[in-house]
Amino acid sequence: MRKTFLSQNPSVLIFIALLAVFTIVVTLLSEVTGVGLISTSFVKTLGKTLCLSLVAIAMDVVWGYCGILSLGHFAFFGIGGYAIGMWLMYARTEGIVMTSLASQPLPPTPAEISDAIGNQIFGVVGSSEFPLIWAFADNLFVQLLMVVLVPGLLALVFGWLAFRSRVTGVYLSILTQAMTLALALYLFQNDSGLRGNNGLSGLQNIPGFEETSQAKVSIAFFIASAFALGAAYIGFAWIVSGKMGSIVQGIRDNEARVRFLGYHVESYKLFIFTTTAVAAGIAGALYYPQAGIINPGEVAPIASIYLAVWVAIGGRGRLYGAVIGAVFVSLLSSWFTGGGAPNVNLGFYTIQWTDWWLVLLGMSFVAVTLYFPKGIGGLFDYLVRKPS
Amino acid sequence: MSMLLEVNGVSVTFDGFRAINNLSINFAPTELRAIIGPNGAGKTTFMDIVTGKTKPDEGTVIWGERNISLLGMSESQIAREGIGRKFQKPTVFEAQTVRQNLAMALKTPRGPFSVLMHKKTKANGARIEAVAEQIGLADSLTRSAGELSHGQKQWLEIGMLLAQEPRLMLVDEPAAGMTPEEREKTTDILREAAKTRAVVVVEHDMEFVRRLNCKVTVLHEGSVLAEGSLDHVTSDQTVIDVYLGRSHA
Amino acid sequence: MFRLFSLAVSFWLLLSSSLFAQSLQDILQTHAAEVAKPSRSSVSVVLDDLVASGLPQALPFLEAWRDREIVQRESDGLFFRSTETAGEVQLLDLDSGEMIAAGDQDLQKVRPNGGVRRAIGDALVQFQLSDPDIIKRQAAVDAIARSMDASQLGPLQASVAGETDANLKRVKQRLAGMLVATFGETPQDRIAAIEELSGDLSVDTRAVLNTILATNSAVSETLPEEGNLAKVLTIGEDISPEDAYSRLVAENLAPAPVSKVAIRDALLAHMDGGSVGGVPVSELGSDVTRARAYDRLAEDGLVPPRVSEAARTEAVAAHKFYLEYVESDPSVTDAARAALNGIETSVALSQTVDLGLDALSLASIYFLAAIGLAITFGVMGVINMAHGEFIMMGAYTGYVVQQFVPDYTVSIIIALPLAFAITFAAGVAMERLVIRHLYHRPLETLLATFGISIALQQLAKNIFGTQARPLTSPEWLDGALVFNDVIAISYIRIAIFVLALLFLMVILFVLKRTRLGLEVRAVTQNPGMAASMGINPDRINMMTFGLGSGIAGIAGVAIGLYAKVTSEMGADYIVQSFMTVVVGGVGNVWGTLAGASLIGFLQKGIEWLNPSNTLAAQTYMILFIILFIQFRPKGIVALKGRAAAD
């Protein structure tokens with residue numbers, strides 16, 4: 001079956017091949033092999049871009065294929081980041097605390113260790129108590145499970161509530177946006193137990209690998225991100241290509257008709273919404289160790305809207321379109337806002353791209369929506385004419 | 001013979017307007033029935049009630065041998081019970097191929113996980129091709145549904161209905177926008193289908209109804225005005241008043 | 001003869017005291033010793049005489065005395081006020097105010113101590129209370145109110161009768177009442193005064209009552225027979241067992257518990273090579289082993305023994321913990337308690353009303369912000385994500401107008417229609433250029449308008465900078481309408497409420513009474529049918545969008561008046577506006593009103609329940625809305641019928 005699936009979807013094979021080549025080339029040119037053509041910080045940028053591509057694919061499946069314009073998938077991404085970040089921060093702080101306590105004449109008691117770690121982590125929000133949600137922060141396995149379970153359960157509950165009451169279209173978008181805002185506001189609180197607007201930091205230091213150079217760590221995360229992206233691409237391509245794909249796209253085009261065919265539309269939406277939320281959580285868990293810091297601002301509704309922008313610019317309803325959008329826009333964005341783009345001197349006024357990039361992005365987004373609804377990915381249609 | 005569907009004393013009101021008024025109507029397990037009536041007689045609302053789209057204010061809708069009430073059920077549950085519906089405006093999935101459209105309708109398990117694990121089988125393929133043959137789209141299986149002509153879309157929708165293998169087919173204006181030859185073929189398909197199930201056709205076109213040659217129910221202001229053969233109902237004075245009265249108005 | 005003489009002298013003295021002793025110096029000389037070396041107990045005689053004399057120059061003397069500016073000339077014992085000008089000491093005659101050069105005379109400085117100075121201050125207050133200058137009188141009353149003291153009661157009461165200003169007289173009476181309630185001679189007086197206070201909601205009245213009701217926390221084995229008991233504390237409810245035990249320790253009724261830190265320190269102090277109390281140091285990584293080691297040390301008498309949990313519980317159980325009123329008379333505290341309860345009930349009631357007014361003004365703002373959105377959403381089915389930026393444009397219009405028109409009233413009058421015109425034009429342009437091409441693709445409209453939103457926001461940032469710009473309200477909008485000490489509402493909020501009301505009426509009028517409104521309603525209910533009736537939906541859409549945007553502009557001016565104008569201000573309101581529309585139900589002005597009211601009152605209500613945390617309030621509100629949508633997916637005022645079913 002996998003064979004027929006892949007042979008029917010040559011784009012998947014092409015994508016996987018390109019991704020593999022890209023991964024190998026970047027690895028070979030990185031500082032790990034000694035070539036050093038690609039700096040460690042750029043490897044991190046590329047690794048992060050792969051994670052963004054992964055969440056963009058999830059967004060594409062839920063929006064481009066299933067027609068649910070979710071403005072909450074970046075929230076799931078953030079939750080994944082927080083879940084892994086809790087372990088990273090706890091384990092690293094534990095290491096530091098243990099080292100400093102080891103020099104004391106008396107061996108520390110568990111309560112003393114916990115207090116010291118709590119002080120280190122929650123001192124910024126004026127607390128040293130471990131909130132309940134940190135109960136398993138010392139357990140990597142549980143936190144990894146949470147990367148998957150928390151976004152999944154949240155999506156499941158929220159989706160069940162929303163789909164059950166037949167909230168669709170822009171209503172649903174607004175509702176997902178509200179959910180995202182509620183989550184962001186919650187995280188912004190100091191007593192949320194997640195360090196308020198300080199967020200979690202120092203995530204680039206992987207406990208147990210303190211001696212390993214950042215060059216190696218970043219390459220490891222880069223390769224892991226590539227694997228996750230590849231696996232998700234194959235998985236989602238499989239989901240949206242078969243009969244499931246037919247029904248999901250049918251729901252997008254005419255939900256009522258699918259219902260009258262006897263399909264329980266809500267279950268399908270819930271399946272897609274939850275699966276993509278889980279994928280977004282995984283993407284976040286891979287992204288934030290590379291970014292090093294996560295704070296509630298990352299989860300704000302605007303981030304989820306940008307996600308939709310990437311997918312729209314890249315081209316909805318095709319998985320590679322989402323990847324193109326995420327790569328293109330996020331790299332372009334960091335080029336412009338990072339001061340990489342040369343300023344344009346008009347004589348009477350100098351356009352500084354750090355100021356004008358958002359204006360450009362906004363306007364080009366309007367242009368894409370109006371004139372290129374298929375996005376950049378739509379260009380491939382001109383190259384490859386399908387025999388009809 | 002027990003009835004397949006019994007609609008009893010159903011009423012529904014929209015913002016004070018009584019679309020269906022104490023409507024009672026029954027269908028046998030194998031039957032071809034035409035429902036006619038002027039605009040606003042409640043034909044579409046009646047189908048909405050049976051298929052679960054609209055909840056009536058009062059009355060009962062009893063289905064099948066086990067006498068299940070359809071009122072508490074969702075649209076998809078009702079569809080899985082064996083009631084298929086074709087809409088007035090052809091609604092096929094234009095972005096997908098004819099084969100995909102039919103495959104979606106094909107009577108297979110409807111749950112998300114069985115769909116996810118669904119494998120194409122020879123038997124299913126054969127059924128799709130048989131239905132395609134029946135509706136004259138055997139050559140167009142790989143075409144996208146959006147490219148089809150209006151009449152072909154109507155047939156595709158009827159085909160999807162057949163592929164669903166329902167026990168009750170509700171067909172809303174199947175002949176709209178069809179050429180005379182296409183109508184003839186549509187009539188044949190419906191009459192063939194009615195041999196093994198109940199087929200209810202809602203139609204404006206008297207010529208088409210005459211061709212169906214079946215029992216006719218006339219709806220007016222949300223309730224049954226007359227029932228019987230076409231000749232019988234067209235000679236009924238109240239029916240004439242309703243139709244002519246309206247045309248005179 | 002001598003008797004006669006002495007009679008004559010005393011007569012003369014009597015005469016002089018009534019005729020000539022009007023001089024301040026004379027009074028001071030009478031009490032020369034007390035003036036020169038005043039003490040807390042002796043000074044009152046001088047002060048009483050000074051006050052009784054009613055001399056105008058007594059007031060500056062008292063001030064000078066208090067400020068240690070009085071000197072006594074050793075040669076004749078006369079008192080002067082000394083000032084220093086240009087390094088030269090000058091003496092002021094206390095009665096005439098004449099300057100006398102000090103020269104090299106021997107002067108003794110009078111140095112009253114703190115207690116005396118306080119007494120002088122009190123006497124001063126009595127003077128000031130009757131000062132002809134109302135500002136001085138006011139200040140004196142304020143001074144008394146700031147630090148109430150029993151001694152001030154008499155003078156204050158005395159000054160009430162002579163008070164000419166009706167307002168100040170009321171204040172004095174009220175203050176006197178408070179003083180009587182606190183320091184009155186008899187319980188009857190105090191209770192009567194307390195009852196007088198019971199209708200007063202002000203904070204200082206409540207403070208007075210709370211002072212009377214002040215309690216000391218106490219502990220003993222049995223409850224005392226005497227004393228004014230306020231409350232017996234229940235362990236676990238009013239006081240935690242830990243706190244209860246700490247109180248016992250503080251009262252020396254129980255041994256101090258040995259904390260974990262103390263154990264650790266004790267172990268460190270008694271470390272003996274590789275072990276403490278026979279336990280190897282390496283095993284001391286848990287509380288159990290540490291306790292064992294410590295107990296060994298205790299057995300050896302090196303440290304105080306640990307107090308077991310059971311012993312602590314027992315000690316706590318063996319004692320009564322209670323609060324005792326500082327005031328010993330139960331009838332006074334009862335009266336104060338009753339008065340305070342009554343006041344607190346009234347305060348709670350007033351707070352509810354105040355909260356309601358707050359919520360009303362918040363609802364007005366949400367209504368203003370959302371109504372434009374509701375109209376466009378209802379008529380055209382498109383969500384305009386740039387709506388918030390139209391609000392921002394309106395606010396910046398107000399700001400720019402104020403740069404050219406300095407008169408705030410005129411500038412607001414210009415800004416309102418101008419903001420409407422500008423945002424109307426922007427809305428029409430956006431509809432023509434973008435939204436028109438995206439009908440029937442609502443999700444794409446949402447995203448396209450979002451693109452416009454980020455572009456506009458950044459544009460505003462580029463033009464006006466990131467710092468907040470002020471939009472100053474006219475003077476007549478400053479201040480607040482005060483109902484009582486609790487209920488107050490600022491005029492700006494009233495203005496916004498009026499504006500919202502005005503808009504409600506205008507929009508209802510436009511929709512229900514004009515041709516445009518008829519057409520708009522027709523397009524809302526059935527666009528296809530409306531088009532076939534000869535209504536040009538294009539024109540209607542354009543007009544509607546312009547109208548919705550224009551209203552956003554005016555809302556922007558209104559919001560800018562009480563909030564800061566920033567490029568992000570629109571984004572702050574957009575989600576709430578969406579919520580308002582979604583909760584209220586689409587395509588209905590009343591729905592928007594209901595939605596705005598619900599959200600406004602809800603937000604204030606949640607903030608009231610959890611005042612310390614507005615973020616949490618917003619979080620809960622959004623969660624509530626998500627749940628609300630479950631039960632009314634179409635909002636409070638839902639369109640029914642076939643049109644709504646699709």
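User: Left-handed or right-handed, which is the crossing of H16(C) and H24(C)?
Analyst: This is a predicted model, in which local features need pLDDT of at least 70 and side-chain atom pairs count only at pLDDT 80 or more, while totals for chains, interfaces and linings use all residues. Residues are numbered from 1 along each chain as its sequence is written, and chains are lettered from A and ligands numbered from 1 in the order in which they are written. The axes of helix H16 (residues 330–380) of chain C and H24(C) come within 8 Å and cross at roughly 60°, where axes are lines fitted to C-alpha atoms, for helices over the stretch in contact, and angles run from 0 to 180 degrees between N-to-C directions. A crossing is left-handed if the near helix is turned anticlockwise from the far one by less than a right angle and right-handed if clockwise, and that of H16(C) and H24(C) is right-handed.

User: How are H17(C) and H23(C) set to each other?
Analyst: The axes of helix H17 (residues 387–404) and helix H23 (residues 537–562) of chain C come within 6 Å and cross at roughly 55°, and H17(C) passes H23(C) in a right-handed crossing. The contact includes C:Phe390, C:Gly394 and C:Gly398 of H17(C), and C:Gly553, C:Gly556 and C:Gly560 of H23(C). Angles under 35 degrees count as roughly parallel, over 145 as roughly antiparallel, 65 to 115 as roughly perpendicular and the rest as oblique. H17(C) and H23(C) are therefore oblique.

User: Which helix gives the largest share of the side of chain C that touches chain A?
Analyst: The contact takes 44 residues from chain C and 41 residues from chain A. On the side of chain C, helix H13 (260–269), helix H14 (287–299), helix H19 (442–464), helix H24 (569–584) and helix H26 (614–631) each supply at least two residues. The largest share, 14 residues, comes from H19(C).

User: How far apart are the end C-alpha atoms of helix H7 (residues 134–146) of chain C?
Analyst: The expected span of a helix is 1.5 Å times one less than its number of residues. The 13 residues of H7(C) should therefore span 18 Å, and the separation of the end C-alpha atoms agrees, at 18 Å.

User: Against which helices do the buried residues of H7(C) pack?
Analyst: A residue is buried if 20 or more other C-beta atoms lie within 10 Å of its own, exposed if 12 or fewer, and partly exposed in between, with C-beta atoms placed from the backbone. In H7(C) the buried residues are C:Arg137, C:Ala140, C:Val141 and C:Ile144; they cover an arc of only 95° around the axis (the arc of the directions from the helix axis to the C-beta atoms), which puts them on the same side of H7(C). The face turned away from that buried side carries the exposed residues C:Ile135, C:Asp142 and C:Arg146, whereas the buried residues pack against chain C helices H6 (114–129), H8 (153–162) and H9 (166–183).

User: Which residues are exposed on the other side of H11(C)?
Analyst: The buried residues of helix H11 (residues 203–212) of chain C are C:Thr205, C:Val208, C:Leu209 and C:Ile212, and they cover an arc of only 95° around the axis, which puts them on the same side of H11(C). What covers these buried residues includes H9, helix H10 (187–197) and H16 of chain C. On the other side of H11(C), the exposed residues are C:Val203, C:Ala207 and C:Asn210.

User: What separates the C-alpha atoms of C:Pro38 and C:Pro112?
Analyst: C:Pro38 is found in the loop between helix H3 (32–36) and helix H4 (43–53) of chain C, and is buried, with 24 other C-beta atoms within 10 Å. Leaving aside its neighbours within four places in sequence, C:Pro38 is in contact with C:Val43, C:Pro112 and C:Val116. Although C:Pro38 and C:Pro112 are 74 residues apart along the chain, their C-alpha atoms are separated by 5.9 Å.

User: Does A:Arg195 count as buried or exposed?
Analyst: A:Arg195 lies in the loop between helix H7 (169–188) and strand E1 (200–201) of chain A, and its phi is near 65°, a positive value in a residue other than glycine. With 23 C-beta neighbours inside 10 Å, A:Arg195 counts as buried.

Terms used:
Helices (H or I, at least four residues) and strands (E, at least two) are DSSP runs, numbered from the N terminus. Two residues are in contact if their C-beta atoms, placed from the backbone, lie within 7 Å.
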